[in-house]
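Please keep the sequence and the model in view while reading.

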Amino acid sequence: MPNQKTPTEVKNHVPSPKLFKTLQEAGNWGKMVNVRTVGELNEIVANGGASNLILVQEALQEKKIAQIAEKIAGDASKKFVMIAGPSSSGKTSFSHRLSIQLRTFGITPHPISLDNYFKNREDTPIDENGNYDFECLEAIDVEQFNKDMTALLAGETVQMPVFNFLTGHREYKGDFLKLGKDDILVLEGIHGLNDKLSYSLPKESKFKIYISALTQLNIDEHNRISTTDGRLIRRMVRDARTRGSTAAKTISMWPSVRRGEDKYIFPFQE
């Protein structure tokens, strides 16, 4: 499709078979539960069927997560589950739900957010507009991350950081971690699939998962709702609840977030 900057140009089509298959699957799910549009959803809600619909949808999602957990459990070489995807795609929620499923296979998971390895605010790179660039890989303390992960893989005890988004600094609060024989790290963050992030870790030790919020309901067959707009709303709620940001601030940062996704996230979509 053309864009605003080059409205007369159409870029060469790049096939995305996995993305297409996922969108197709979402459509099939909608047909299965008789919710293909916003209107059909409203009708089910009006008739008191919302609770049952949610239970069915949760069961479908949980079934898929269980299948992923089984695949991970079947390969003893995997010690790092790397989860990536665009902003507000559900990475944190997914990592915790996957962790629960992994426990059913006798694995002890340790969910870790890569955001905790953000550099301190004063060391964060600046973009071309003079704003902090939180989306680039350089905003992460990659060296410290690899040092900690390598130590954990070697069986050492490591004190894990927590990033304070209100103060803009990484903090250490005595959270020590040591990996046992049946332990696994579940790491989530926008750069999770980029091998430049985890350059020191053996490739065979990594299991990669890409997640995105693509199952968006459209108004009808001819009027779609952007999945990007859906993620923006999710991020506004998340930032207000956990990061002390107003909706206006989140919206003002969104163009930078989208640029970062196009550059650092979507190339790994397939």
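1. The model is predicted. The protein chain contains seven helices and six strands. In sequence order these elements follow the pattern α-α-α-β-α-β-α-β-β-β-β-α-α.

2. Overall dimensions. The C-alpha trace spans about 55 × 50 × 40 Å along its principal axes.

3. Of the 270 residues, 39% are buried. Among contacts with a separation of 6 or more, 68% link residues 24 or more positions apart. The accessible surface of the protein chain is about 16,000 Å², and carbon and sulfur atoms account for 54% of that surface.

4. Charge. The protein chain carries 36 positive and 34 negative side chains. The centres of these two sets lie 2 Å apart.

5. Helix α3. This helix covers residues 50-73, which makes 24 residues. From first to last C-alpha, α3 reaches 34 Å, close to the 34 Å expected at 1.5 Å a residue. Its buried residues are L53, L60, I65, A69 and I72. Which elements do the buried residues of α3 pack against? They pack against the helices α1, α2 (38-46) and α4 (91-103), and also against the strands β1 (80-84), β5 (183-188) and β6 (206-210).

6. Helix α6. Residues 227-242 form α6, a helix of 16 residues. Its reach from first to last C-alpha is 22 Å, close to the 22 Å expected at 1.5 Å a residue. The buried residues of α6 are T227, T228, G230, R231, L232, R235 and D239. Part of what covers these buried residues is α7 (247-265).

7. T250 and D239. Residue T250 lies in helix α7, whereas D239 is found in helix α6. Is T250 buried or exposed? With a relative accessible area of 1%, T250 falls under the 20% limit and is therefore buried. D239 has a relative accessibility of 3% and therefore also counts as buried. Neighbours within four places in sequence left aside, T250 is in contact with L232, R235, M236, D239 and S245. With that same exclusion, the contacts of D239 are G244, S245 and T250.

8. K249. This residue is placed in helix α7. K249 has 46% relative accessibility and so counts as partly exposed, because that class lies between 20% and 50%. K249 and A59 are separated by 190 residues in sequence, and their C-alpha atoms are 36 Å apart in space.

9. N12. This residue sits in the segment before α1 (17-32). Why does N12 count as exposed? Its relative accessible area is 72%, and exposed means over 50%. N12 and K91 are 79 residues apart in sequence, with 30 Å between their C-alpha atoms.

Notes: Residues are numbered from 1 along each chain as its sequence is written. This is a predicted model: local features need pLDDT of at least 70, side-chain atom pairs count only at pLDDT 80 or more; totals for chains, interfaces and linings use all residues. Side-chain values use heavy atoms; hydrogens and water are left out. Helices (H or I, at least four residues) and strands (E, at least two) are DSSP runs, numbered from the N terminus. Buried means under 20% relative accessible area, exposed over 50%, partly exposed in between (1.4 Å probe, protein chains only). Contact means heavy atoms within 4.5 Å. Accessible areas come from the Shrake-Rupley method with a 1.4 Å probe; for residues, only the protein chains shown count as cover. Lys and Arg count as positive and Asp and Glu as negative; His and the chain ends are not counted. The place of a charge is taken as NZ of Lys, CZ of Arg, CG of Asp or CD of Glu. The expected span of a helix is 1.5 Å times one less than its number of residues.
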